[in-house]
Amino acid sequence: MNLNHKTSPCCDSDTQRSDMNHTLNEYPLMTLMLSDDNMKAAWKHVKANKGAPGIDGMSLEDAEPFLLAHWQGIKAKLMEGHYFPLAVRRVIIPKPDGGERFLGIPAVIDRLLQQAMNQVITPYFEPVFSYHSYGYRAGKSAHQAVTHVQDCISQGYKTAVDIDLSKFFDEVNHDMLMNRVGRKIKDKALMQLLGRFLRAGIAEAETGLWFPSDKGVPQGGPLSPLLSNIILDELDKKLTRERLHFARYADDIIILVKSKFIGNKVKVAISHYISKRLKLIVNENKSRVGPVSGSKFLGFTFYRGGLQIHAKTLKIFKDKVRILTNRNWGIAMGKQIHKLNLYLRGWGNYFLIAKGYQLTIELDHWIRRRLRMCYWRQWRKPRTKVRSLIKLGVSERLAISCGITSKGPCRSSKTKGINIAISNEFLARQGLISLKDLWINIHYSS
């Protein structure tokens, strides 16, 4: 993307250029943020992340020609302090526990500017972040956080203090956040723009309602991960000063101690610090002190020194697979298996670092039965069922017996004829991946 497109609207007069040069000298970080190289890198990142349109309805495809035509005018507004971001489009995502999570989708142009800002200010904060802060950081991962927890457990820290922050991203105090950022970022123009991003407001496209954003950092924008780490870095520093063993991934926090007595004292002290110092809300109902085997951290739990997939994680997994193998979906089975594979591969590569070879065998068996139900449902008429079974190698007598049955898809999926026709080998030929094979590859590939 050529951000210096010659046909772009721009300030042409000598006076305007002089004013711009003065602004460039006064606000070096804003100048760096809006440099061609930084903006091109930001645009590449935004495009790679894809994402839905914001409140203005502009897609990524529409944004590129718009930027080519209008970038110089947008840049001038930014340098002069006259740029105001659009409200963030609110999207409500149901949570597995029955609650709701609010995501905020900025307009594409605002996403681009947030990403450009993120690239400029991250180097000021990244070097001072805690070693045990693993979320949204280059070179850090959730798997590293989980491994660190396992190391702590092996050293005898087998009591967990789970601190649950209630709607963390919605509760961040703007004044406190701006103060923390302002300690390192002295560019007034950039700080003004950051404040406008925070106060841009929230809009619901469906209802037309607009809400002020006097607190919170909406999940969904490129700046949100960095800003969340800036706020919670103070908590990391507190835990480090107290010589506590901990791991944090965004707002998912676990502290490891050697006894429940110590754990209760830590929980009270840290909860008080979070509420009074950071002005965040601790969810007492979900916070706990107890054996690590009762903890849920990043979807895992810890049992006898080993890593296991948490029961709630498995429930969420099965609920998702049920959606992807809905026998009333009405799309070609090849596409259905492809969509299912995308989910299985992503889920497996993350969660199958845990123990559970036998679990993968059981899940594979259940998934294959779900797909047999889909095939059976799609064949619909008895005649089609009989013909399909025969075509797939079932004897005519057995095919007729299966085809005319009054059993529903669930019971039919267990019958001999269907298991011969839609065998494990048949599903593998259709491209279905195996969680068992993924598990073996993860644990024995090296």
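Q: What volume does the second largest cavity have?
A: About 40 Å³ for the second largest cavity. Keep in mind that this is a predicted model.

Q: Ok, and which residues line that second largest cavity?
A: The lining is made of M30, K77, L78, G81, Y83, A189, Q192, L193 and R196. The elements that give two or more residues to it are α4 (60-80) and α9.

Q: Which element gives the most there?
A: That's α9, with four residues in the lining of the second largest cavity.

Q: How does that lining split by class?
A: Five nonpolar, two polar and two charged residues for the second largest cavity.

Q: How many cavities of 30 Å³ or more does the count come to?
A: The count comes to two cavities of that size. The largest cavity has a volume of about 140 Å³.

Q: Which residues lie nearest the centre of the largest cavity?
A: Q114, F197, L198, V217 and P218 lie nearest, out of 16 residues that line the largest cavity.

Q: And where does that lining come from, in terms of helices?
A: Both α9 (188-198) and α10 supply at least two residues each to the largest cavity. The most comes from α9, with three residues.

Q: How many charged residues are in the lining of the largest cavity?
A: No charged ones; the lining divides into 11 nonpolar and five polar residues.

Q: Is S228 buried or exposed?
A: Buried: its relative accessible area is 2%, and that counts as buried because the cut-off is under 20%.

Q: Which residues is S228 in contact with, leaving aside neighbours within four places in sequence?
A: With those neighbours left out, S228 is in contact with Y136, F168 and F169.

Q: New topic, strands. What order does the open sheet have?
A: The open sheet has four strands in the order β2-β1-β4-β5, and the pairing is mixed. β2 and β5 (210-211) are the edge strands, each pairing on one side only.

Q: How do β1 and β4 pair?
A: In the parallel sense, over two bridges, with β1 at residues 88-94 and β4 at residues 202-203. In that pairing, V88 stands opposite I202 in β4.

Q: And how many bridges join β6 to β7?
A: Five bridges join them, and the two strands run antiparallel: β6 is residues 245-249 and β7 is residues 252-257.

Q: Last one: which residue takes a positive phi in the hairpin of β6 and β7?
A: That's A250, with phi near 55°, in a hairpin that has two residues between the strands.

Methods. Residues numbered from 1 in each chain as written. Predicted model: local features only at pLDDT ≥ 70, side-chain atom pairs only at ≥ 80, totals over all residues. Heavy atoms only, no water. Buried < 20%, exposed > 50% of the residue type's maximum accessible area, 1.4 Å probe, protein only. Contact = heavy atoms within 4.5 Å. 1 Å grid on protein atoms, 1.4 Å probe; cavity = no way out; pocket = protein on both sides within 12 Å on 5 of 7 lines; lining within 4 Å. Points joined across faces, edges and corners; volume = space filled by probe spheres on them. Nonpolar A, V, L, I, M, F, W, Y, C, P; charged D, E, K, R; others polar. Pairing = 2+ DSSP bridges.
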